[in-house]
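Here's a quick tour of a protein model, put together for someone new to reading structures. Have a look at the sequence and the picture before you read on.

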Amino acid sequence: MSRRVVRQSKFRHVFGQAAKADQSYEDIRVSKVTWDSSFCAVNPKFLAIIVEAGGGGAFIVLPLAKTGRVDKNYPLVTGHTAPVLDIDWCPHNDNVIASASDDTTVMVWQIPDYTPMRNITEPIITLEGHSKRVGILCWHPTARNVLLSAGGDNVIIIWNVGTGEVLLSLDDMHPDVIHSVCWNSNGSLLATTCKDKTLRIIDPRKGQVVAERFAAHEGMRPMRAVFTRQGHIFTTGFTRMSQRELGLWDPNNFEEPVALQEMDTSNGVLLPFYDPDSSIVYLCGKGDSSIRYFEITDEPPFVHYLNTFSSKEPQRGMGFMPKRGLEVNKCEIARFYKLHERKCEPIIMTVPRKSDLFQDDLYPDTPGPEPALEADEWLAGQDAEPVLISLKDGYIPPKHRELRVTKRNILDVRPPSGPRRSQSASDAPLSQHTLETLLEEIKALREQVQAQEQRITALENMLCELVDGTD
């Protein structure tokens, strides 16, 4: 009698567990907008959730430690004039988050380490370039201040947030609505899925589609795609009979899938969350009450089912903590933030180990908060892998770092100031645009000073009234 050989893997026994009730975030009015994004973004400092808001779009940002019931008057991040559709934390600055909205703009926000007294209404910068709703955001994994946005105008724009400039605009590659966009590990390629049922691999700096596959999944419902550590593409989609399906593809040979598995019949789009350190992909369907997870390896059948975490309540969205935000002394290899109708519940994925010492086989060096390249270097053609850090002694998020935006004066064509500037250029008068900009800045500063003076006068009057009252 032949014995079945069990596949060797340290992740075979990964199990999921919901956090205790007092570790959840209660009384949050999660957005009801019909949009297939995760509605939640998390980093080692903050949890951000898109919420219901009258007269515009808003999201709430909570320090991770602020669990329990959230006050109904807790300050929100408000500034969009229509619903927020996607949010994404900057991987190189834990205090910076980008938001995309139905109002066609992208806004980038600086979140203070302290709890603000009132709503945050002023973004660091507003990026305007799309003509329709913006539904997808994705920061570059290795270059500083490089942000990708994709809109309902079927255009992908890559921005330099530090200057407010459009670095690249990919506007003739997708004939229909873009469903998902993902960078590879060093940010040299993009994988996109589109309503035209085509999976594309794009080199954004060359402006070329380097590989494409029509009908990677034959159904009409939206597809999702992520790059794996091995350079393959993992996809989720639907069969012609509306069964959910997952696939693994080699971009060098798109003819046949490396793996293709049917799963179940459901309408919810499967959102894939991929961890390159363990090569585990977690599938969370909107409206599902479970998280399925698979290990991707080089051995057939290549995509190995591990387990399913099930709960009673369906999920409205899901946040995925970066590796540096996990508790390594508890052998935690992933943490999700599951959105319910009125709360957010952490779900912890753990590898059972008897020892509480650091398990270096579970935690290889992982991308840290330092960028490997500047935006200009990446645009010029340089590539670099992420700057890795060890988690052996745990990770302590750096203190508040401010994102400074220096808008380049694109209408002023004078040479840059400095030793190389010619004599004639140095004598040239300021352009009309520069004068207008300076006058506007002076006017804005005067208004700020005036507002501060009015505030001081009001506080002095209150102080006088208090003193008179005590007398």
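What volume does the second largest pocket have? The answer is about 630 Å³. Before going further, note that this is a predicted model, where local features need pLDDT of at least 70, side-chain atom pairs count only at pLDDT 80 or more, and totals for chains, interfaces and linings use all residues. Residues are numbered from 1 along each chain as its sequence is written, and side-chain values use heavy atoms, with hydrogens and water left out.

**The second largest pocket**

- A pocket here is an open set of points on a 1 Å grid over the protein atoms alone, where a 1.4 Å probe fits, with protein on both sides within 12 Å along at least five of seven lines.
- Its lining residues have an atom within 4 Å of a point, and the volume is the space filled by probe spheres set on the points, which are joined across faces, edges and corners.
- The second largest pocket is lined by 25 residues, and Glu327, Lys330, Glu332, Arg335 and Ile348 are the closest to its centre.
- Strand S1 (15-18), S29 and strand S30 (343-350) are the elements that give two or more residues to this lining. Strands (E, at least two residues) are DSSP runs, numbered from the N terminus.

- You'll find Arg324 in the loop between strand S28 (317-320) and strand S29 (332-339).
- Arg324 counts as buried because its relative accessibility is 7%; buried means under 20% relative accessible area, exposed over 50%, and partly exposed in between (1.4 Å probe, protein chains only).
- The side chains of Arg324 and Asp94 are joined by a polar contact of 3.1 Å. That term means a pair of N or O atoms within 3.5 Å; within protein, one must be able to donate a hydrogen and the other to accept it, and residues adjacent in sequence count only if both atoms are side-chain atoms.
- The Arg324 side chain also reaches the backbone oxygen of Pro91, at 3.4 Å.
- Leaving out residues up to four places away in sequence, Arg324 touches several others, among them Pro44, Pro367, Ile389 and Tyr395. Contact means heavy atoms within 4.5 Å.
- Pro44 sits in the loop between strand S3 (40-42) and strand S4 (46-51), and at 14% relative accessibility Pro44 counts as buried.
- Pro44 and Pro322 are 278 residues apart in sequence, but 7.4 Å apart in space, C-alpha to C-alpha.
- The residues that Pro44 touches include Leu64, Asp94, Met321 and Pro397.

**The sheet S16-S17-S18-S19**

- Strands of a sheet pair through backbone hydrogen bonds, either parallel or antiparallel.
- This open sheet has 4 strands in the order S16-S17-S18-S19, with antiparallel pairing; two strands pair if DSSP finds at least two bridges between them.
- Strand S16 (178-183) and strand S19 (208-214) are at the edges, each with a single partner strand, so one side of each has no neighbour in the sheet.
- S17 (residues 190-194) and S18 (residues 198-203) pair over 4 bridges, with Leu190 partnered by Ile202 and Ala191 standing opposite Ile201.
- S17 and S18 form a hairpin with 3 residues between them, and Lys197 in the turn has a positive phi of about 70 degrees.
- S18 and S19 pair over 6 bridges, and Leu199 has Arg213 as its bridge partner.
- Their hairpin has 4 residues between the strands, with Gly207 in the turn at a positive phi of about 65 degrees.
- S18 is largely enclosed by the rest of the structure, because 6 of its 6 residues are buried. Thr198, Arg200 and Ile202 lie on one side, and Leu199, Ile201 and Asp203 on the other.

- Strand S24 (residues 270-275) is mostly covered, with 6 of its 6 residues buried.
- Leu270, Pro272 and Tyr274 point one way from S24, while Leu271, Phe273 and Asp275 point the other way.
- S24 pairs with strand S25 (residues 280-285) in the antiparallel sense over 6 bridges, and in S25 the bridge partner of Pro272 is Leu283.
- The S24 and S25 hairpin has 4 residues between its strands, and Ser279 in the turn has a positive phi of about 60 degrees.
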